[in-house]
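Dear colleague,

I am passing on to you the structure we spoke of, and below it you will find some notes on what turned up when I went through it. Please read them with the model open beside you.

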There are 2 protein chains.
Amino acid sequence: MAKDKKPRRPKAETPKGFRDYFGMDVIERKAMLDTIAEVYHRYGFDPLETSAVETVEALGKYLPDVDRPNAGVFAWQEEDGDWLALRYDMTAPLARVAAQFRNDLPSPYRRFTMGPVWRNEKPGPGRFRQFYQCDADTVGSGSVAADAEICAMLSDTLEAVGIPRGDYIVRVNNRKVLNGVMEVAGVLDPSDPEKFEHERGIVLRAIDKLDRLGPQGVRALLGEGRKDESGDFTDGAGLSEAQADIVMGFMEAKRDTGAETCARLRELVEGSVVGGEGVTELETIAELLDAQGYSADRIEIDPSVVRGLGYYTGPVYEAELTFEIKDEKGRPRQFGSVAGGGRYDDLVKRFTGQAVPATGVSIGVDRLLAALRAKGRSGGVEQGPVVVTVMDRDRMADYQAMVGELRAAGIRAEVYLGNPKNFGNQLKYADKRNSPVAIIQGGDEKDRGVVQVKDLYLGAKIAESASLEEWKSQPAQYEVPRDDLIAAVRKIIDGAEG
Amino acid sequence: MAKDKKPRRPKAETPKGFRDYFGMDVIERKAMLDTIAEVYHRYGFDPLETSAVETVEALGKYLPDVDRPNAGVFAWQEEDGDWLALRYDMTAPLARVAAQFRNDLPSPYRRFTMGPVWRNEKPGPGRFRQFYQCDADTVGSGSVAADAEICAMLSDTLEAVGIPRGDYIVRVNNRKVLNGVMEVAGVLDPSDPEKFEHERGIVLRAIDKLDRLGPQGVRALLGEGRKDESGDFTDGAGLSEAQADIVMGFMEAKRDTGAETCARLRELVEGSVVGGEGVTELETIAELLDAQGYSADRIEIDPSVVRGLGYYTGPVYEAELTFEIKDEKGRPRQFGSVAGGGRYDDLVKRFTGQAVPATGVSIGVDRLLAALRAKGRSGGVEQGPVVVTVMDRDRMADYQAMVGELRAAGIRAEVYLGNPKNFGNQLKYADKRNSPVAIIQGGDEKDRGVVQVKDLYLGAKIAESASLEEWKSQPAQYEVPRDDLIAAVRKIIDGAEG
């Protein structure tokens with residue numbers, strides 16, 4: 001049966017919102033993850049790798065951005081009726097693991113994990129549906145020493161990956177203080193915690209947008225609501241002027257030192273038990289960090305940090321890069337947040353009914369890499385392999401022997417495996433690979449027991465700029481005895497790297 | 001509104017067929033992946049990391065095991081109607097990338113990739129739906145030197161991860177030879193390639209099962225079919241005795257040397273053009289490998305290797321571990337295949353219409369790790385962190401300072417963050433963490449400027465076996481000046497590791 005109808009060809013496209021990482025991108029991210037893992041490990045955290053797939057039931061509904069109703073997970077139904085989904089963060093799987101293996105794991109359980117997470121969001125420029133997270137959490141410790149430890153570790157980690165002190169700040173706040181403020185402002189009733197939940201959600205998200213909207217915008221959201229530039233209207237929390245004043249006072253409570261900030265916060269939450277507790281916790285964190293030498297140039301108390309996530313119950317923290325970069329329109333702007341986290345004491349309880357205190361941080365690895373590139377501290381082009389060219393198709397074994405020797409000497413090397421007919425293509429290939437050296441051996445060289453060594457970096461430099469004199473004094477291609485191949489190649493590579 | 005109805009608690013369970021990896025499992029796999037990446041990189045292969053998600057259209061229907069109709073992918077439909085799926089291997093995404101970026105990538109393009117793949121299969125004991133693959137492929141080279149290179153690299157890789165020479169063998173065969181045999185046997189008509197496709201599929205899978213079913217079982221599948229122990233009947237290819245003889249002769253064509261095997265194969269495919277081509281390719285591969293010193297103790301020509309996948313078009317190869325392990329019932333058996341691959345010249349053509357030659361290998365990392373553990377070459381328990389205990393809750397800053405010093409000295413250390421009230425629990429925790437040392441400092445020690453250092457490994461040994469004399473001569477806990485903390489800890493750790 002001959003078929004006349006051609007099948008339609010599939011499109012060769014990454015799905016919308018997904019991307020591929022090539023060469024140096026993979027190498028740099030791996031180096032960063034390795035560095036972060038080393039710091040986490042030295043702090044006593046153990047690696048954990050959960051499966052990418054969870055039951056929808058276990059994941060629950062803790063997606064961060066409740067503003068956008070179509071935010072969600074990638075989910076599908078199994079033949080047996082169960083719904084499965086890709087994890088959207090590393091915290092929900094940890095809560096599941098902490099519940100599932102609670103009798104086997106040490107307590108407290110410090111774990112770190114790194115890998116992709118997936119969000120079923122509308123893709124946009126710079127907004128991807130798969131990205132890396134790198135988390136560290138302590139499960140089973142109610143002590144704020146656990147929170148302080150994670151803040152210190154976050155500071156160490158940022159410096160380890162190449163963000164110098166002064167270019168970042170870890171900011172710490174406490175949800176209990178905020179709750180105390182809400183109580184004083186009359187939008188939280190300790191005897192009926194569910195009352196005003198809707199309003200508090202709006203307040204939380206409004207504070208979180210201070211950076212973007214400014215005090216005026218936040219105030220509008222605390223009150224009747226806010227119309228943005230596009231004309232869209234966002235409902236406000238409906239607070240009175242007096243109520244909004246209290247919340248705004250909280251956001252502006254930051255003073256020069258942690259002790260002064262805490263003193264100001266204590267005034268603001270006067271009368272609220274939970275608020276007072278929260279201030280005491282912040283004081284303890286500040287003392288612990290101070291005693292270890294993490295001063296305000298690295299970690300500070302900042303009441304404007306709230307973190308959007310609804311599940312935080314105590315200290316919250318955020319690492320921000322403080323240097324300026326240019327945005328896509330060339331305007332300077334602060335790079336902003338690269339990591340954040342906090343205490344969430346109720347996530348494991350979902351499974352077991354028993355409250356298990358936990359606190360942890362998540363680093364946005366892709367953003368952190370982008371920051372290092374923006375500062376020129378990363379993002380070079382990798383030196384390619386030495387390319388052994390093929391002058392004589394029948395002597396492939398000779399060429400393979402050369403690359404074999406080079407590799408045995410620890411030098412990255414490959415033989416040209418395309419069609420060797422056009423020699424120019426072989427050199428173009430070596431260029432595209434960013435190769436430092438090409439090796440050439442025709443029949444004549446073979447007979448004389450030599451190889452031609454071509455210094456491709458020098459060759460490119462000469463072609464670009466050098467005068468005839470220089471060309472003569474420094475030839476980019478020369479002959480060496482076959483036995484000196486390794487030494488000659490090493491000399492060029494060491495020179496190129498030096 | 002008080003709610004009386006309690007929400008049902010979600011189950012804390014990994015989805016069926018998925019698993020979590022803890023501590024040492026993660027560390028060991030990472031070490032193996034790093035080693036493999038190093039070898040691949042030295043051979044000139046560049047890293048690539050594609051997204052886990054592909055369009056179903058791009059993935060196509062190349063699932064390896066066509067025996068089982070419910071084998072498949074995890075897929076879901078997008079709001080815009082597109083179907084997306086998790087990748088089931090690394091080859092389909094590479095074909096997509098090679099087509100999508102064909103104008104930007106060097107040609108030939110050598111790439112390696114490592115990461116999880118997902119199979120929507122019925123889970124079973126030891127059969128998981130997410131597992132790691134570690135692939136290297138060369139796209140754009142039709143030369144069998146590319147196949148030979150990958151076989152040599154596979155051999156190097158196995159030795160690099162700890163499989164000594166003699167404990168593995170890389171077997172090479174060629175689909176073209178098999179096609180030649182099929183032609184001679186009358187189940188392949190070069191003028192109508194689609195004729196007998198069904199029969200050839202059965203023949204291919206039958207040969208692939210030689211290890212498991214033996215010659216008798218394979219012969220049954222070549223003929224009328226085969227009833228297995230459970231009584232299930234598998235349809236055969238319906239070959240006559242004479243036809244089956246030819247196929248069986250092919251499987252038994254292996255001789256002592258590659259040259260002899262090739263000579264025997266040449267006899268078998270006499271009259272088939274493609275068969276003759278295939279034998280010539282095998283001869284070239286054998287010569288290239290021989291010239292580089294990869295003799296039959298590492299890589300050999302073996303006609304019984306066919307690899308189940310339908311898309312292979314030329315050389316196929318497989319790495320097998322040849323040592324025996326005990327199965328779950330204590331019976332000795334060969335460990336079997338840990339890696340395989342071959343040449344597939346049509347996968348990129350699906351997208352572009354232009355044939356692009358490609359060849360590559362996939363290492364089953366989880367199986368390879370299991371093999372190393374079965375041989376006792378891997379799978380130890382990691383030494384835990386030094387645990388600084390908490391005698392006095394108010395002096396947390398002191399204890400944090402100690403772990404800070406230890407970490408600064410490169411020693412993994414943590415402070416106990418659970419409830420410090422019961423000191424016994426702290427030591428139990430240190431045991432569970434496999435800590436080498438616990439540090440103790442109460443108020444009295446603090447006043448005297450000392451710390452107690454407890455050697456937990458020695459303590460365990462003494463508790464197990466030592467006589468009173470030994471106990472006296474080697475105390476497992478002793479006092480050192482606070483300033484000597486680092487030195488004292490280092491001495492114990494170095495002793496435990498030595």
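Does Gln400(B) count as buried or exposed? Please keep in mind throughout that this is a predicted model. Gln400(B) has a relative accessibility of 1% and therefore counts as buried, the cut-off for that word being under 20% relative accessible area. Gln400(B) belongs to helix α13 of chain B, which runs over residues 396-408. If residues up to four places away in sequence are set aside, Gln400(B) touches Ala145(A), Glu149(A), Leu288(A) and Gln292(A), and also Val415(B).

Leaving out residues up to four places away in sequence, the contacts of Ser155(A) are with Tyr168(A), Val170(A), Tyr294(A), Arg298(A) and Ile299(A). For Tyr168(A), the separation from Ser155(A) is 13 residues in sequence, while in space the two lie 8.4 Å apart from C-alpha to C-alpha.

Helix α7 of chain A, residues 210-222, deserves a look of its own, since its end C-alpha atoms are only 12 Å apart, whereas a straight helix of 13 residues would span 18 Å at 1.5 Å a residue. At Gln216(A) there is a bend of about 75° in α7(A). The buried residues of α7(A) are Leu213(A), Gly214(A), Gly217(A), Val218(A), Leu221(A) and Leu222(A), and among the elements of chain A that cover them are α6 (197-208), β9 (225-227), β10 (233-235) and α8 (241-251).

Lastly, there is the empty space inside the model. Rolling a probe the size of a water molecule over the atoms shows where such space is left. Four cavities of 30 Å³ or more are present in the structure, and the largest cavity holds about 80 Å³ of space. This largest cavity is lined by 13 residues, of which Ser51(A), Arg19(B), Tyr21(B), Gln130(B) and Phe131(B) are the closest to its centre. Strand β7 of chain B, residues 130-139, contributes the most to the lining of the largest cavity, giving three residues.

With best wishes

Methods:
Residues numbered from 1 in each chain as written. Chains lettered and ligands numbered in written order. Predicted model: local features only at pLDDT ≥ 70, side-chain atom pairs only at ≥ 80, totals over all residues. Heavy atoms only, no water. Helix = DSSP H or I, 4+ residues; strand = E, 2+ residues; numbered from the N terminus. Expected span 1.5 Å × (residues − 1). Bend = angle between axes of the 7 residues up to and from the residue. Buried < 20%, exposed > 50% of the residue type's maximum accessible area, 1.4 Å probe, protein only. Contact = heavy atoms within 4.5 Å. 1 Å grid on protein atoms, 1.4 Å probe; cavity = no way out; pocket = protein on both sides within 12 Å on 5 of 7 lines; lining within 4 Å. Points joined across faces, edges and corners; volume = space filled by probe spheres on them.
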